[in-house]
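Trainee: Could you go through this model with me? I'd like to take it piece by piece.

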Amino acid sequence: MKQFLDNLVRYIEPYIVYPDIISTVVDILLLTVIVYFIIKFLIKTTAGRVIRGMVLLFVLTGVTEFCGLTTINWLLESLLSAGLVALIVIFQPEIRRALEKFGHYSWLSVRHTLDTSNAAQITNAISQHCERMSSIKCGSLIVIEGRTRVSSENGIPMDAKISGELLDNIFTVNTPLHDGAVVIRNGRIAEAKSQLPQSNSSAIPSELGMRHRAAIGVTEACDCFSIVVSEETGKISFAEGGTLVRDLDPKKLKSKLLEVLRDREMISKEQAKTLAKSDSEEKEGN
């Protein structure tokens, strides 16, 4: 036992004698994580192409210096010097979105939970509404908040109980609240006609319009998820974390909503099972 303890002390002694090693390792790990998330964030946007261009420019600068091409190397170094300043201007939308997301997030924020009846009401109302909007090809955009407030503009404040009929009325063409999004907060309709930040991601298919870009953009900027119905095709899509899942039928949409509410701990696993079971029993009864 004494020999084991002596070996253990000898093993950890360098870290005790030289505490700078521990701080250096922690420093490197934190820097790696930060760089990883920055690259992950930028790669989804048009800024990703700029990053690749800057990396290529760095490589070319090194190659020209190694080969002794003095004039070209001087030109590339001048471009790099100016380019580092220009990056702030080029990445302004991405920097703004990242700071906005960080500013909206609170480490002390409370996770909103829903009781079983409220969760059933939300999932039923949204799935039924989307089914009706899909059948008549009427556009719709619904955002459900997570732990942070949705960053919206010009929204009309509401405090209404969720129902499929109310959502139908809001998104009916030529009504005052048709344009924009409905924001659901704490299980109730909090805003209508809200203008949302649009995504600049180059990965979004060109056939998708402003409504879908807003559905994706708001999930990039805030902790939330969104449901969108296309007025061109009538297809239902779901967005979360900047990712869009397309071509959902009402049944798959309802399952997706229950899954996300459960994963976000807005409802418990038992509540999710109860709601899924009651839904299947209701379908068998019909």
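Trainee: To begin, how many bridges join strand 6 to strand 7, and do they run parallel or antiparallel?

Mentor: Four bridges join strand 6 to strand 7, and the two strands run antiparallel. Strands here are DSSP runs of E with at least two residues, helices are runs of H or I with at least four, and both are numbered from the N terminus; two strands pair if DSSP finds at least two bridges between them. Before going further, note that this is a predicted model, in which local features need pLDDT of at least 70 and side-chain atom pairs count only at pLDDT 80 or more, while totals for chains, interfaces and linings use all residues. Residues are numbered from 1 along each chain as its sequence is written, and side-chain values use heavy atoms, with hydrogens and water left out.

Trainee: What sits in the turn of the hairpin that strand 6 and strand 7 form?

Mentor: Two residues lie between the strands, and glycine 241 in the turn has a positive phi of about 60 degrees. Glutamate 240 stands opposite threonine 243 in strand 7.

Trainee: And in what order do the strands of the sheet come?

Mentor: The order is 2-4-3-1-5-6-7, with seven strands forming an open sheet of mixed pairing. Strand 2 (156-160) and strand 7 (243-248) each have a single partner strand, so one side of each is left without a neighbour in the sheet. From one strand to the next the twist averages 20 degrees. Strand 1 (residues 140-145) and strand 5 (residues 224-229) run antiparallel and are joined by six bridges, and isoleucine 142 stands opposite isoleucine 227 in strand 5.

Trainee: Which strands does helix 9 lie across?

Mentor: Helix 9 (residues 250-263) lies across strand 5, strand 6 and strand 7, running at about 15 degrees to strand 6. Helix 8 (residues 210-221) lies across strand 1, strand 5, strand 6 (236-240) and strand 7, at about 170 degrees to strand 5. Those angles run from 0 to 180 degrees between N-to-C directions, with axes fitted to C-alpha atoms, for helices over the stretch in contact.

Trainee: Switching topic, which residues touch the most other members of the largest nonpolar core?

Mentor: Ile126, Ile227 and Leu253 do, in a core of 35 residues. Helix 6 gives the most to this core, with seven residues. A nonpolar core is a set of buried Ala, Val, Leu, Ile, Met, Phe, Trp, Tyr and Cys residues joined through side-chain atoms within 4.5 Å, where buried means under 20% relative accessible area, exposed over 50% and partly exposed in between, with a 1.4 Å probe and protein chains only.

Trainee: What does isoleucine 227 touch?

Mentor: Leaving out residues up to four places away in sequence, the residues that isoleucine 227 touches include Ile126, Cys130, Ile142, Phe238 and Leu253; contact means heavy atoms within 4.5 Å.

Trainee: Last one: how many disulfides does the structure hold?

Mentor: The structure holds zero disulfides, a disulfide being a pair of cysteine sulfur atoms within 2.5 Å. The sulfur of cysteine 224 is 5.4 Å from the closest cysteine sulfur, in cysteine 222, which is too far for a bond. Cysteine 224 is buried, with a relative accessible area of 1%.
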